[in-house]
Amino acid sequence: MSKGLYTTEALILRCRRYREADGLLVLLTRERGKVNAVAKGIFKPSSSLRGGVQTFTLSAMQLYAGKSNLHTVTQSQCQEAFLTLREQLDGMLTAACWAELLEALLPEEEADEALFALALTGFYALAVKAAPLIRRGLEVQLMNALGYEPVLDGCVECQRRFLEDAPVFFSLNRGGLVCGRCRQSGDLPVGGEAVALWRMLGKMDCGKVGRIKGRPFAIKQLGSVVEAWIAAQVGRPMRSWGVIKTMGGLSDD
Ligand SMILES: [Zn+2]
């Protein structure tokens, strides 16, 4: 990647305090993919950068790339603050999950227009409605886009199609569904409706995920299997999932 100043649109995935009054940011930029950056002095009341580096906002930024991987924010102007996301607890919690997932899964300094668009669509969709199924739809779409699409159209082991009402399981280490005969210990039971939702969410335009309906128990089951699938790829669960669980779930769960 070239050094020097560059301008880009950036989603602020994370901002934490660094040294006295600086902010350490994790950004998803349109031009350079995921980037770590320092925003100097943003915790001083007089900072002019402050409004452009809030978490879960989209900003037009100018950054400086020097020798290190830590870029420096030189200008930033908020373009979209996703205000409705901040006004409700479910919005903040689901946005935190989405941002953490993007940070955990996306490679550093690899620009990808489709992934940037998906990340941005995710924040817009959650700002409209922070519903569990939208959250799951985004997770499924991101995993598929990164090459972690599981086998859902038959048994990953014996290739047989599933008979209606036959018990089906999800195998984390084999990367897909398995039938009762190929099941091993540790495989997770998953119902037909949850599997149907998973397939649907993976195939549709992510901006339209809000139109899908599902019964609460199926959405919940889908959620726990998708989380297990993500955790198996990342090597750990997301911290923000734990926060939601501690709080007793989202209001729609
Ligand atoms: Zn099988």
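Biologist: What end-to-end distance do the C-alpha atoms of helix α2 (residues 89–105) show, and which span should 17 residues give?

Modeller: This is a predicted model. Helix α2 has 17 residues, and at 1.5 Å a residue it should span 24 Å. The expected span takes 1.5 Å times one less than the number of residues. The end C-alpha atoms agree with that, because they too are 24 Å apart.

Biologist: Which residues of α2 are buried?

Modeller: A residue is buried if 20 or more other C-beta atoms lie within 10 Å of its own. In α2 that holds for D90, G91, L93, T94, A95, A96, C97, W98, A99, L101 and L102.

Biologist: How far apart are the C-alpha centres of domain 1 and domain 2?

Modeller: The domain assignment gives domain 1 as 4–80 and domain 2 as 85–246. Their C-alpha centres lie apart by 29 Å.

Biologist: Which elements give two or more residues to the side of domain 1 that touches domain 2?

Modeller: On the domain 1 side, 13 residues are in contact with 16 residues of domain 2. By class, that side of domain 1 has seven nonpolar, one polar and five charged residues. The elements giving two or more residues to it are β1 (4–18), β2 (22–29) and β3 (33–39).

Biologist: What is the bridge partner of F170 in β8?

Modeller: Strand β6 (residues 168–171) pairs with β8 over two bridges, in the antiparallel sense. The partner of F170 there is L188.

Terms used. Residues are numbered from 1 along each chain as its sequence is written. This is a predicted model: local features need pLDDT of at least 70, side-chain atom pairs count only at pLDDT 80 or more; totals for chains, interfaces and linings use all residues. Domain bounds come from an automatic or database domain assignment. Two residues are in contact if their C-beta atoms, placed from the backbone, lie within 7 Å. Helices (H or I, at least four residues) and strands (E, at least two) are DSSP runs, numbered from the N terminus. Ala, Val, Leu, Ile, Met, Phe, Trp, Tyr, Cys and Pro count as nonpolar, Asp, Glu, Lys and Arg as charged, and the others, Gly among them, as polar. A residue is buried if 20 or more other C-beta atoms lie within 10 Å of its own, exposed if 12 or fewer, and partly exposed in between; C-beta atoms are placed from the backbone. Two strands pair if DSSP finds at least two bridges between them.
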